[in-house]
Amino acid sequence: AGAFSAILQSYKIVPKFKQYAKDHGESGKSPIIIATCSAKQKMCTYYMPLAKRDAFYMGKPTMEQYASTFDNASMLERIGIESFKGINFGNVGRGIKRMLGMGGGSSSKEEKKDEL
């Protein structure tokens, strides 16, 4: 039921809200649509402020302002990775090989000589 509800919201409900906001809300601004659903009550409640939209943010940046902070960010910064300092890529590579079953249990050359 959850997947069906998500599809229904994405393709039927949200577009109708967007069109209503475009026709009746503040012009030139994207609508704010808030939904809360209760499995127990088997219903969803929607809220969409049409006037005083910016007051809804209570001093926080609007969606447009927040999105503009990513204009100059790299792809990695957008997903929360700010730097690679302190990462040993050799260890990362060995870990991936072990995870895929392509590497041995030890990575030290001295330990491998002892095994022979």
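Reader: In this predicted model, what share of the contacts with a separation of 6 or more comes from residues 24 or more positions apart?

Author: The model is a predicted one. Among the contacts in the chain with a separation of 6 or more, those between residues 24 or more positions apart account for 35%.

Reader: What pattern do the helices and strands follow along the sequence?

Author: The chain contains five helices and two strands. Read along the sequence, these elements follow the pattern α-β-β-α-α-α-α.

Reader: What percentage of the residues in the chain is buried?

Author: A residue counts as buried when its relative accessible area is under 20%. The chain has 116 residues, and the buried share of them is 9%.

Reader: Which class describes the aromatic pair formed by Phe17 and Tyr46: stacked, edge-to-face or tilted?

Author: The structure holds one aromatic pair. Its members are Phe17 and Tyr46, with 5.4 Å from centre to centre and 40° between the planes. Planes under 30 degrees apart would count as stacked and those over 60 as edge-to-face, so the angle of 40° makes this pair tilted.

Reader: Which elements does this pair link, and how many residues apart are its members?

Author: The pair links distant parts of the chain. Phe17 belongs to helix 1 (residues 2–24) and Tyr46 to strand 2 (residues 43–47), and the two are apart by 29 residues.

Reader: Are Phe17 and Tyr46 buried, exposed or partly exposed?

Author: Phe17 has a relative accessible area of 22%, and Tyr46 has one of 23%. The buried class requires a value under 20% and the exposed class one over 50%. Both residues therefore fall in between and count as partly exposed.

Reader: Which residues does Thr45 touch, not counting those up to four places away in sequence?

Author: Thr45 is placed in strand 2 and is partly exposed, with a relative accessible area of 40%. From C-alpha to C-alpha, Thr45 and Ile34 are 8.3 Å apart in space, while 11 residues separate them in sequence. With residues up to four places away left out, Thr45 touches Ile34, Ala35 and Thr36.

Reader: Where does Ala39 lie, and what distance separates its C-alpha atom from that of Gly2?

Author: Ala39 is located in the loop between strand 1 (34–38) and strand 2. Its relative accessibility is 71%, so Ala39 counts as exposed. Along the chain, Ala39 and Gly2 are 37 residues apart, and their C-alpha atoms are separated by 9.1 Å.

Reader: What is the phi value of Lys42?

Author: Lys42 is also found in the loop between strand 1 and strand 2. With 74% relative accessibility, Lys42 counts as exposed. Phi of this residue, which is not a glycine, is positive, with a value near 55°.

Reader: What volume does the largest cavity have?

Author: The structure holds one cavity of 30 Å³ or more. The volume of the largest cavity is about 70 Å³.

Reader: How many nonpolar, polar and charged residues line the largest cavity?

Author: The lining consists of Ala21, Gly25, Glu26, Lys29, Ser30, Pro31, Ile32, Pro49, Leu50 and Arg53. Gly counts as polar in this classification. By class, the lining of the largest cavity has five nonpolar, two polar and three charged residues.

Methods:
Residues numbered from 1 in each chain as written. Predicted model: local features only at pLDDT ≥ 70, side-chain atom pairs only at ≥ 80, totals over all residues. Heavy atoms only, no water. 1 Å grid on protein atoms, 1.4 Å probe; cavity = no way out; pocket = protein on both sides within 12 Å on 5 of 7 lines; lining within 4 Å. Points joined across faces, edges and corners; volume = space filled by probe spheres on them. Helix = DSSP H or I, 4+ residues; strand = E, 2+ residues; numbered from the N terminus. Buried < 20%, exposed > 50% of the residue type's maximum accessible area, 1.4 Å probe, protein only. Contact = heavy atoms within 4.5 Å. Phe/Tyr/Trp six-rings, centres within 6.5 Å; stacked < 30°, edge-to-face > 60°.
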